[in-house]
Amino acid sequence: MWRPPDPGEATPYSQVSLTLRSNTIEFDVIKADADWRAQELQGATAAYQDATFGQETEAARRLRFLNTKQSVETLARLFRGLNDQPGEWDLMFGLFGSPYRAEAIAAMQRELNSPDHPITQDFLHTLTKLQIEADPSWNPLEYDPEHPNVSQEYWRKRQAHERELMQGAMTATSAALPQKTGRAHALTVQVLAESSDLLNSAAASQMRKQLIAAWGDLPKKTRLELIQYRWPLIAGPEMLPILVDFVSDPAPPFRTEEAIGRDAALKHIFDLDPVAGRSLILRDLRDPKAQPSISLVKLLSSEELRPVMQEAVRRINKNDARELDYHLVELIGDESALGPVEAVFNDHLGQWACDPQGAMLRYFLRLDPKFGARAVQASLAARKATGCYRMLLQDLGKSLPKVEQVAISALDDADLEAANDAALALGRWGTAKAETALWTRLKRFHREWQGRDGELRITPDYRSPIARAMALESTLVNSIATGTNWICGPEKLARLRALASSRQQSQVSTWSKEWERGEALILANWYPEDRLSFGVLQYSNLDEEQFRAKLSQMPGGTKLYFQIWKPGQISPPVSMEKQEAVLQSLRNHATQFEVTIEEKIAP
């Protein structure tokens, strides 16, 4: 437990630990005999295998704490992976917590050869972790601050040893693959395909083909994940008939995992066969019950989309539109749609759902900025029917600069949720002049709460005025520090810390320390694999365009380091060559701003 510090109380983490002691509880422990243990194992196993949904966790927990050699065998047999089976965490922790570790390892190794046991990443990671923990020579060293390199070298060697163990487990799994059947075979092929860098080249080259061949035996959830997030594992013309069959069913409900998977499948079909892809995307666009993503819409020509857009306008006028219809008008609507859409918008002003309202406002700002600005102001003022005003400015996205002054004025809104929305929007999409407005509002906040800092250190009901004030301060601090279109270096961070309440100061101090270290690391995020994003210093989740802009804002002479991951250290797998190509592109861009980027390869 912890509490906020008192005024003037020094603490490194802006919180003070508390020790709580329970009241005394007395109970008797009855020694379990062999018959009871055998009966309990049989009952818990049957309960897990035969339980209705929701009851498996209780049975898994009974197995976890039984702590017999026989129960370890059962835990190894039942455990498949995390987040994909009921009671999975208790099954895994039962293996880790058992006093019979050697038996647990041996039981898991036998399961590698079991025909109906699917082998997953979680299963193999658990096995290798148990092997390391069972070897006393790999017990962690006590950290010595006088010799930090000793600890670093230990962890480097331990990581290399863990990779060796994983490679051995993968090799054994690959050898056992011919014995696997049905779903167990398909899921085992999947894990081998995902970890092909740990196999010899001959085995690795076969895994993709086997994974596609086993497609029908994979669970629906796994097929969706492969299509959406792990496409490179299966990409190729062999997948075209599978994908076409996948999208042949009626369109699923909007914004479900199935709908997202359908969009991904349509994109892959387009990449493999543009003619077929275009036809199928248009089919879904014309289906009033389907709502393909805007990214798919952008693959089609304006000539193909014009009749679709006209149908969308007609549905909007009849108040029978899909959510997608408003986005079609936003994306490709021309002046011919302005009159009808503006009239419908005014007729229902303040009553629109948030998503259609945002799409129409962005459309107006694109083609009729004066009307769009008036519509934004009117929508902000209309607060009786919906709560969309609390996120309206963020919803404008890249259109925000056209009404930036409206957002700046909203920083002083009496409704702190509206002010918070303005601060978030200005930090993400505001121009450089928005920074001054954010500083001004934070200074005013500081004056308003002068002498009341203690109130900002409590943990109030999230609906209370104090909670909303705390949220606004946090947003102002974060928007100033992480704004897209300006840089907030050490001097500004020092000013920011002086203004912020004690609750926010620790975060600002963390950012300042990152600058002081002088070896800022660029971390590229490759997940999902087609949406590369970057983080550096206090900035995170920047797309490539935003990150390049951030490099241009860095002080001349800044030196950054680009993290390169070796095979097996990054998921999803990304080759070092691909990482180095991104590094070289960024390095060439940064040079013109006197910013240098060096390569840093993970140990």
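## Enclosed cavities

The second largest cavity holds about 40 Å³ of space. In this predicted model, its lining is made up of Gly350, Gln351, Trp352, Gln357, Ser379, Ala382, Thr386, Cys388 and Tyr389. Sorted by class, these are four nonpolar and five polar residues, with no charged residues.

Three cavities of 30 Å³ or more are counted. The largest cavity contains about 90 Å³ of space. Ala251, Pro252, Pro253, Phe254, Ala259, Arg262, Asp263, Asp284, Lys289, Ala290, Gln291 and Pro292 form its lining. Helix α12 gives the largest share of that lining, three residues. Here the classes comprise seven nonpolar, one polar and four charged residues.

## The second largest pocket

The lining consists of 17 nonpolar, seven polar and 15 charged residues.

At least two lining residues come from each of α10, α12, α14 (294–297), α16 (323–332) and α18 (354–367). The largest share, seven residues, is supplied by α12.

Helix α10 covers residues 220–228, and its buried residues are Thr222, Leu224, Leu226, Ile227 and Gln228. These buried residues pack against four helices: α8 (182–194), α9 (201–213), α11 (240–246) and α12 (257–272). Helix α10 also supplies at least two residues to the lining of the second largest pocket.

Helix α13 spans residues 274–286 and includes Val275. Is Val275 buried or exposed? Val275 counts as exposed because its relative accessibility is 64%, and the cut-off for exposure is over 50%. Ala134 lies 141 residues from Val275 along the chain, and the C-alpha atoms of the two are separated by 57 Å.

## Nonpolar cores

The largest nonpolar core comprises 85 residues, and Phe364, Val376, Leu393 and Phe562 have the most contacts inside it. Apart from this core lies another, of 72 residues, which includes Leu112, Ala186, Val191 and Leu282.

Which residues does Phe562 contact, leaving aside its neighbours within four places in sequence? They are Ile522, Ala524, Phe534, Gln579, Val582, Leu583, Leu586, Ile597, Glu598, Glu599 and Lys600. Two of these contacts, Ala524 and Phe534, are bridge partners of one another, with Phe534 in β4.

## Strands β3, β4 and β5

Strand β3 (residues 520–525) and β4 are antiparallel and are joined over three bridges. The pairing of β4 with β5 is likewise antiparallel, over two bridges. Phe534 faces Leu542 of β5, and Phe534 is also the bridge partner of Ala524.

In a regular strand, side chains alternate between the two faces of the sheet. Within β4, Ser533 and Gly535 point one way, whereas Phe534 and Val536 point the other way. These four residues are all buried.

Strands β4 and β5 form a hairpin with two residues between them. Leu537 lies in the loop joining β4 (533–536) to β5 (539–542). Leu537 is not a glycine, yet its phi is positive, at about 50°. Leu537 counts as buried because its relative accessibility is 15%, and the cut-off for burial is under 20%.

A positive phi, near 55°, also occurs at Asn541, a residue other than glycine. Asn541 belongs to strand β5. With a relative accessible area of 55%, Asn541 is exposed, whereas Leu537 in the turn is buried.

Technical notes:
Residues numbered from 1 in each chain as written. Predicted model: local features only at pLDDT ≥ 70, side-chain atom pairs only at ≥ 80, totals over all residues. Heavy atoms only, no water. Core = buried A, V, L, I, M, F, W, Y, C linked by side-chain atoms within 4.5 Å. Buried < 20%, exposed > 50% of the residue type's maximum accessible area, 1.4 Å probe, protein only. Contact = heavy atoms within 4.5 Å. Pairing = 2+ DSSP bridges. 1 Å grid on protein atoms, 1.4 Å probe; cavity = no way out; pocket = protein on both sides within 12 Å on 5 of 7 lines; lining within 4 Å. Points joined across faces, edges and corners; volume = space filled by probe spheres on them. Nonpolar A, V, L, I, M, F, W, Y, C, P; charged D, E, K, R; others polar.
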